[in-house]
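I opened this structure to look up a few things. My notes follow.

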Amino acid sequence: MKLLILVALFGLSLAQHNPHIRYGRTTIVQLFEWRWADIAAECERFLGPNGFGGVQISPPSEHIVLNSPWRPWWQRYQPISYNLCSRSGSENELRNMITRCNNVGVNIYVDAVINHMCGAGGGEGTHSSCGSWFNAGKRDFPSVPYSAWDFNDHKCRTGSGDIENYGDAYQVRDCRLVSLLDLALEKDYVRGKVAEYMNKLVDMGVAGFRVDACKHMWPGDLAVVYGRLRNLSTKWFPAGSRPFIYQEVIDLGGEPISSREYVHLGRVTEFKYGAKLGTVFRRWHGEKLCYTRNWGEGWGFMADRDALVFIDNHDNQRGHGAGGASIISFWDSRLHKMAVGYMLAHPYGVARVMSSYRWDRHFVNGKDQNDWVGPPSHADGSTKSVPINPDQTCGDGWVCEHRWRQIKNMVIFRNVVNGQPHSNWWDNQSNQVAFGRGNRGFIVFNNDDWDLDVTLNTGMPGGTYCDVISGQKEGNRCTGKQIHVGGDGRAHFRISNRDEDPFVAIHAESKL
C-alpha cells in the first residue's frame, strides 16, 4: 500500500513539471507589474501571433499599499488577503485577461505568495489594494481570516523573530524573511486557505504557479498544498492536467537548503544559470564562451527536466536575490540580447524571458538607492498603461524586452527547433562559438574583441536563409543579413565585433 502511495505521489509531481504550453510554443515571458487589461491586449496583438507560450503575472492577491511616493514594487509581495484585487486590476479584469490569453493559446502562470503576509511593521487600517482592514501588529487579517494562531512566531528561536543565520535551515523556514509575518503552513487550516486561493485561480483558467520564497517553506508542507490543488480547467487543457509548479529556490551552493529538496514537487528556478552565463558573457574570472560546450547539467545545474531558466528576473536585475553584478539585464542591452539569444537557442530547461520597466538608478557605495521604485505610475499611484510605439517598442518607461526584434525572433527560433538535439558545435577556443539544433536551426556568436570570419557545418539543408537577429524574413526577402548554406550544409559567417548585435541565427522557417 505504501509503495502505491509513493508511486501516485511521484506521478503527481512529474505532472507538475509540465508547463502545458500549447503545441508549437515554448517560452514564458514575465510581464512584471503589468495591468491585467494590458496583458490581455498583449496576448492578442503580440504574444499569441509571435508564438509565446505563456505569461508570468505579478501576484494578484490583495496587498499592502504604502503611502505616496512609496509605492514600491515589493508591496505586491506583502499580502493582506487572498482577495483578487491588486495594483494590476480587479477580479473581473483578471478573469477577462485569463480568458482572452487562453483563447489565443497563451497560458497564464500566477506568482503565488503563500509563505507570509505583510511585514510585522505594516500597521493597521485599510491601506490595502482592496481596502480590507487588517492589523499586522496583532496578526489579524479578517479577510482571510488569519489570526495570531496562524503564524510561526512560537517556532522561531531568534531574538528578533527574523532569520538571522542562513546556515540554520530551521531559522530559514520558521522565522520571518525580512520581518514578513511567516505563515504556519504546517497547520491544516492555513494549508486549506492557501489551497482555496490557488484553486480559485485554477478554476479561472490559469495553467500553473511560480511559487515565491519556497526555500522558506518546508517541502512536506508544500507537498500537501500542491496535492490539494484541482486539475486544470478542461475548457483549455486536457482532462487530468495538473497545475504547472515552478518554485523559487535561490541556491548558488554553500547553504544548507538545496534546490534538490524541491525538485520532486515541480520544477525549480535555476538561479545558477543566469549568474554563470552572465559571468561568461562579461568574460569575468577568465570565463570563456567556448567553455559552454557542455552547458546545462555539465555545469552542475539541476537536471534538465527540473529546471526553469532565465537570464534575469525582477529581483536580481535590482541586485537582490542571487548573482550579484554578473546578472545581465536590459541596462546592458547588447549583452542582454546575446545572453537571452543563447538561452533560447539552447535546449536546457523551460525558458522565461524578462519584460521590465525603467527607473532612475542612484548608486551610493555600489548600491542602487532606487531599487525599490514601483512601475510607471500616475500621480495618484495607479499603474500606467503600456503604450505601444509605431516601431513596436513600448513607451512611458516600460522596457518590453520581449518585443525587441532579436529576442522576439529567438522565441520563434526556439519554437522551430524544439525537440532537436544540440549539434554541430564549433568554437575558436575563446569567445566565438556556434551550435545547431539538428537540421532546424544554427546560431553563431562573436563575443571576442576581433572579427569572426569562418566557414562552418550548419547541419541545415542548402539554400538562402534570413538572419533573424539583424532582421527577419518578410515575404520573399530578408530585412537583414542573408546566409547562404551550400548543398553540403556549410555556410560562411562574418561577424564584426563592432556589429550592433554580434551574433547570427537562422532556422528552417527563415529560409527564402
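**Notebook: a strand and a helix pair**

I started with strand E17, residues 441–446. Six of its six residues are buried, so E17 is largely enclosed by the rest of the structure. I keep in mind that this is a predicted model.

Next I asked which way the residues of E17 point. Gly441, Ile443 and Phe445 point one way. Phe442, Val444 and Asn446 point the other way. I found both sets buried. In a regular strand, side chains alternate between the two faces of the sheet.

Then I looked up the partners of E17. Strand E16, residues 432–437, pairs with E17 in the antiparallel sense over six bridges. I found alanine 434 opposite valine 444 of E17. E16 and E17 form a hairpin, and three residues lie between them. In the turn, glycine 438 has a positive phi of about 55°.

I also checked strand E24, residues 503–507. E24 and E17 pair in the antiparallel sense too, over five bridges. Here isoleucine 506 is the bridge partner of phenylalanine 442.

I moved on to two helices. How do H7 and H8 pack? H7 covers residues 271–282 and H8 covers residues 333–345. Their angle is about 125°, and their axes are 10 Å apart. The two helices are therefore oblique to each other. I noted their crossing as right-handed.

Last, I listed the residues that meet. H7 brings Tyr273, Leu277, Phe281 and Arg282. H8 brings Leu335, Met338, Ala339, Tyr342 and Met343. I sorted the residues of this contact into eight nonpolar, no polar and one charged.

Definitions and conventions: Residues numbered from 1 in each chain as written. Predicted model: local features only at pLDDT ≥ 70, side-chain atom pairs only at ≥ 80, totals over all residues. Heavy atoms only, no water. Axes fitted to C-alpha atoms, helices over the stretch in contact; angles between N-to-C directions. Helix = DSSP H or I, 4+ residues; strand = E, 2+ residues; numbered from the N terminus. Parallel < 35°, antiparallel > 145°, perpendicular 65-115°, else oblique. Left-handed = near helix turned anticlockwise from the far one by under 90°. Contact = heavy atoms within 4.5 Å. Nonpolar A, V, L, I, M, F, W, Y, C, P; charged D, E, K, R; others polar. Buried < 20%, exposed > 50% of the residue type's maximum accessible area, 1.4 Å probe, protein only. Pairing = 2+ DSSP bridges.
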